[in-house]
Amino acid sequence: MPDAMVDARASGAANEATQQVDVAVVGAGFAGLYLLHRLRKAGFTTVALEEAGDVGGTWYWNRYPGARCDIQTIDYSYTFDPELETAWTWSEKYATQPEILRYLGFVADRYDLRRDIRFRTKVTEAKWDEAAERWRLTTDHGASVSCRYYIMATGCLSAPKPPEIDGVKDFEGEVYFTGRWPHSGVNLAGKRVAVIGTGSSGIQSIPLIAEQAAHLTVFQRTPNFALPAHNGPAPDERMSLLQGDRAAYREQARQSMTGVPYPQQMAVSWQLSDAERRLRFEEAWGKGDLVYILTQLWADQGADLDGNNIVSDLIREKIRAAVKDPETAAALTPHDHPFGAKRPCLDTNYYATYNRPNVTLVNLRQEPIKAITADSISTDKRSFDVDVIVFATGFDAMTGAIRAVHPITGRGGKSLSDVWAQGPQTYLGLTVAGFPNFFMITGPGSPSVLSNMAVSIEQHVDWIVDRLAALRDAGFSTIEATDAAQAGWGQHMADCSMLTLHRLANTWYTGANVPGKVHALMPYTGGVGPYRSICDEVVSRGMLGFKLTGAGGAAQCNDGEVVRLQPDVRLVLNLLGQLNLPPIESMGALGARAFVNEFNKSRPAGRPIGEIVDGTLPGSDGPLPYRLYRPATPGPHPVVVYFHGGGWVLGDEQSDHPFCRDMVRRTDMIFVSVGYRHAPEHRFPTAAEDGYAATRWIAEHVAELGGTPGAVLVAGWSAGGNVAAVTCQLARDRGGPEIAGQLLICPVTDCTFDRPSYNDNATGYFLTRSLMYWFWDLYCSPADRTNPRVSPLRGQVAGLPPAFIVTCEFDPLRDEGIAYAEALSAAGVPVEQLKARGHFHSSFTMVDVVITGVQGRVQMAEALRRFAGLPPEVRRGDENSHDHASPGHKIAAAAS
């Protein structure tokens with residue numbers, strides 16, 4: 001729209017009284033435009049308030065040289081109207097800022113959206129009027145606004161971060177910010193230019209600035225990973241997928257982890273040879289696709305330091321090969337964060353630019369800037385004469401765009417700035433408790449910048465508008481998140497942060513780029529598809545976590561936490577649910593064993609250890625198989641006798657293979673997994689007697705097995721935990737062997753089914769109440785069930801070895817495990833408990849599937865080492881570095 005028309009509209013608005021609308025929207029970028037379209041179709045009166053002179057949002061302001069999107073533009077597009085998709089054709093794989101701006105203008109024209117937008121208008125104050133149940137907005141240009149609902153569509157990267165260098169005001173040359181580049185363009189020909197910052201805007205602009213400038217000096221504080229975009233036409237294979245079935249392509253994107261339709265990678269790095277990993281990497285490098293290289297190499301690259309280091313090292317090789325000067329290459333090579341923990345950048349000739357004779361790189365880690373004078377920039381080692389300074393210093397991301405627009409005052413005079421003083425608190429990234437009828441598009445606590453923003457924007461807009469229409473139809477006038485729901489979402493955010501390596505980098509994802517800003521991992525790391533399902537679940541459960549009010553005192557409040565499971569546990573259970581498997585107990589013992597064996601074959605075996613040896617040992621009535629896991633370090637090592645799970649019916653010495661490998665690496669101990677005999681062929685007390693006999697034999701032959709002379713340790717999961725606990729009692733009563741400690745993971749300890757956990761977790765968590773009934777019936781007659789050899793809680797527990805007992809919140813066996821720990825403690829036995837919040841019965845044995853179980857296994861390993869008289873430190877080479885501080889914990893603290 002011509003500026004004169006914009007000014008005329010704003011001038012006319014100034015003469016009006018307060019503008020009354022149903023919904024006010026701040027922002028006219030991707031989110032604001034789609035909001036206007038949807039709200040209008042839903043029958044709401046609407047106005048959008050936009051500080052800029054036209055539509056475009058961040059693409060209106062970010063006009064610096066080289067500005068492009070980093071998601072392929074066939075994906076970075078609206079999908080709400082199939083006719084719109086075919087009416088616009090992108091010219092490049094990664095469109096430039098001018099083309100994206102033209103696209104948004106095309107959309108605004110196609111749906112006649114500008115007539116509901118007040119341009120060059122900034123909101124200067126917003127207050128919730130509790131009596132009127134409306135928001136009152138004051139603007140710097142034109143009429144104030146009164147609205148029922150207030151929606152922030154301000155974008156995540158639209159509040160530029162001011163420079164932090166003394167002397168900027170003294171500089172007499174030209175100063176530019178990449179985030180507020182002059183619309184008329186900038187002529188840099190023949191000038192001495194300084195670029196400060198090598199984030200995304202710096203990496204995109206530096207090659208083009210270098211082509212124009214007489215000399216370019218780049219001041220870099222922190223190097224970032226950059227990947228070649230290989231820009232050009234949209235790739236044929238992607239276009240074929242899109243055009244072959246456009247609806248399916250778009251739906252796959254909505255359900256994916258990133259908002260781009262790539263499948264979940266299943267291969268893990270240690271399953272691949274060096275040659276296979278390099279082949280995968282070179283293919284990804286050649287594609288020039290940020291999402292592809294972040295997600296499609298191997299499954300553990302974003303969650304595990306070992307898997308990530310392989311990718312990082314391969315990219316470092318590329319940097320060294322591209323940059324001729326070794327010192328410059330070293331300065332451009334990141335070593336302070338895992339690949340992907342900061343947003344990597346797509347570039348065109350970025351590293352090659354440093355080979356130009358007119359380009360100098362200054363490493364601010366080695367020589368920080370001391371001052372900016374009228375015509376120069378000085379470090380503590382040298383001075384650089386410059387005519388132009390370009391600040392590519394980024395944004396006050398996610399929260400800055402919301403808080404910088406204006407003061408926002410909610411119920412009871414509550415200030416949003418005060419509420420967020422210790423980090424952002426939201427429910428779903430959509431709303432804030434205490435701020436009725438207030439919404440954010442892609443706000444902190446939603447996938448936002450970790451997703452394809454176009455997909456996340458449409459999902460948020462659709463969810464909000466559908467909710468507003470439902471409220472109207474039901475006669476409700478206000479909607480507000482509850483404190484409990486918001487606190488629960490904060491905890492879920494913290495749990496999700498443990499899935500990825502994002503928390504290990506100082507980045508704008510955590511606010512670390514803004515001095516004084518509280519560090520908190522602001523985007524939701526649980527994935528676009530899972531997040532969408534959570535938002536849908538809130539609705540299906542009666543607007544869980546929201547309080548609704550209406551005329552005549554009408555009210556509805558369905559309070560609670562929408563997610564209590566750990567995020568990866570939720571994914572696992574959803575996947576199992578989608579398989580529609582028949583109940584295991586319906587398969588019969590043989591069928592169930594075959595099913596479990598096939599299931600176990602599909603699981604990653606685990607990282608290498610020193611040696612795995614299969615053998616047999618004498619049981620209570622014949623030979624028993626065992627599998628011995630030996631560390632890679634020189635022995636001898638303490639020995640742990642391990643008993644697998646399976647309800648005394650299923651499993652064998654190999655079935656907990658990944659768990660045993662993992663624990664050997666963490667403990668530096670030998671694990672001997674025993675294959676005891678199973679029901680119904682061998683009923684009670686066979687498993688108990690086999691367990692005791694195996695432990696006695698292993699203790700007597702510990703030196704032959706490579707073990708440390710002296711006491712052994714015992715460990716077991718589920719029914720194996722039962723066998724381990726019984727073995728300790730039998731060893732005490734039968735004069736040995738000596739057991740130094742016991743690790744019981746979700747153990748069966750009693751035959752009683754009336755504890756709350758059996759009812760609370762009866763179904764839906766894989767191990768069900770009916771399956772436990774089946775196990776008990778196959779193994780033990782009712783007359784024998786109170787025998788301590790099957791219900792160790794019924795036995796004498798004094799004088800037992802120290803114990804570490806693990807229970808899981810969503811497990812039928814939870815309460816009997818806790819009861820056993822309490823009984824041991826009351827009898828004077830040293831006991832520690834790990835009550836694993838949000839986990840289910842199989843969490844800790846599903847190694848490298850349930851990543852949030854890592855810290856629990858670390859604690860188990862530390863306990864075993866203490867029992868053996870060793871220092872508690874365990875090996876952490878594969879960890880998501882749990883010894884690092886996690887910004888996610890601060891989110892949880894702020895929300896609690």
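The model is a predicted one. The protein chain has 28 helices and 29 strands, and 61% of its 896 residues count as buried.

**Overall form**

- The radius of gyration of the protein chain is 31 Å, which agrees with the value near 29 Å that a compact globule of 896 residues would have.
- Along the principal axes, the C-alpha atoms of the protein chain fill a box of roughly 95 × 75 × 50 Å.
- Of the contacts between residues at least 6 apart in sequence, 74% join residues at least 24 apart.

**The five-strand parallel sheet**

- Five strands make up an open sheet with parallel pairing, in the order β7-β16-β8-β9-β12.
- β7 (174–177) and β12 (359–363) are its edge strands, and each of them pairs on one side only.
- On average, and with direction ignored, neighbouring strands of this sheet are turned by 20 degrees against each other.
- Five bridges in the parallel sense pair β9 (residues 215–220) with β12; F219 has V362 in β12 as its bridge partner.
- Helix α6 (residues 200–212) packs on this sheet and touches β8 (192–196), β9, β12 and β16 (388–391). The direction of α6 makes about 155 degrees with that of β9.

**The β13–β14 hairpin**

- β13 and β14 form a hairpin, and three residues lie between the two strands.
- Strand β13 (residues 369–372) and strand β14 (residues 376–379) run antiparallel and are joined by three bridges.
- I369 has T379 in β14 as its bridge partner.

**The three-strand antiparallel sheet**

- An open sheet of three strands has the order β19-β20-β21, with antiparallel pairing.
- The edges are taken by β19 (476–481) and β21 (555–558); each has a single partner strand, so one side of each is left without a neighbour in the sheet.
- Neighbouring strands here are turned by 15 degrees against each other on average, direction ignored.
- β19 and strand β20 (residues 546–550) run antiparallel and are joined by five bridges.
- Within this pair, E480 stands opposite K547 in β20, and A481 has F546 in β20 as its bridge partner.
- Although β19 stands at an edge of the sheet, six of its six residues are buried, so β19 is largely enclosed by the rest of the structure.
- Helix α16 (residues 453–474) lies across β19 and β20 and runs at about 135 degrees to β19.

**Helix α9**

- Helix α9 (residues 274–287) has 14 residues, and the distance from its first C-alpha to its last is 20 Å, close to the 20 Å expected at 1.5 Å a residue.
- Which residues of α9 are buried? They are R277, F281, A284 and W285.
- Why do these residues lie on the same side of α9? They cover an arc of only 100 degrees around the axis, which puts them on the same side of the helix.
- An α-helix has 3.6 residues a turn, so residues three or four places apart point the same way.
- The face of α9 turned away from the buried side carries the exposed residues A275 and L279.
- The elements that cover the buried residues of α9 include β10 (226–228), α10 (290–295) and α11 (305–322).
- Just after α9 comes G288, which takes a positive phi of about 65 degrees.

**Helix α26**

- Helix α26 (residues 814–826) has 13 residues, which should span 18 Å at 1.5 Å a residue; the end C-alpha atoms are 19 Å apart, which agrees.
- The buried residues in α26 are R814, D815, E816, G817, I818, A819, Y820, A821 and L824.
- Which elements are included in what covers the buried residues of α26? The cover includes the helices α23 (719–733) and α24 (756–760), together with the strands β27 (739–745), β28 (803–810) and β29 (831–840).
- α26 is followed by G828, which has a positive phi near 90 degrees.

Key: Residues numbered from 1 in each chain as written. Predicted model: local features only at pLDDT ≥ 70, side-chain atom pairs only at ≥ 80, totals over all residues. Heavy atoms only, no water. Pairing = 2+ DSSP bridges. Helix = DSSP H or I, 4+ residues; strand = E, 2+ residues; numbered from the N terminus. Axes fitted to C-alpha atoms, helices over the stretch in contact; angles between N-to-C directions. Contact = heavy atoms within 4.5 Å. Expected span 1.5 Å × (residues − 1). Buried < 20%, exposed > 50% of the residue type's maximum accessible area, 1.4 Å probe, protein only. Arc of directions from axis to C-beta. Rg over C-alpha atoms; globule rule 2.2 N^0.38 Å.
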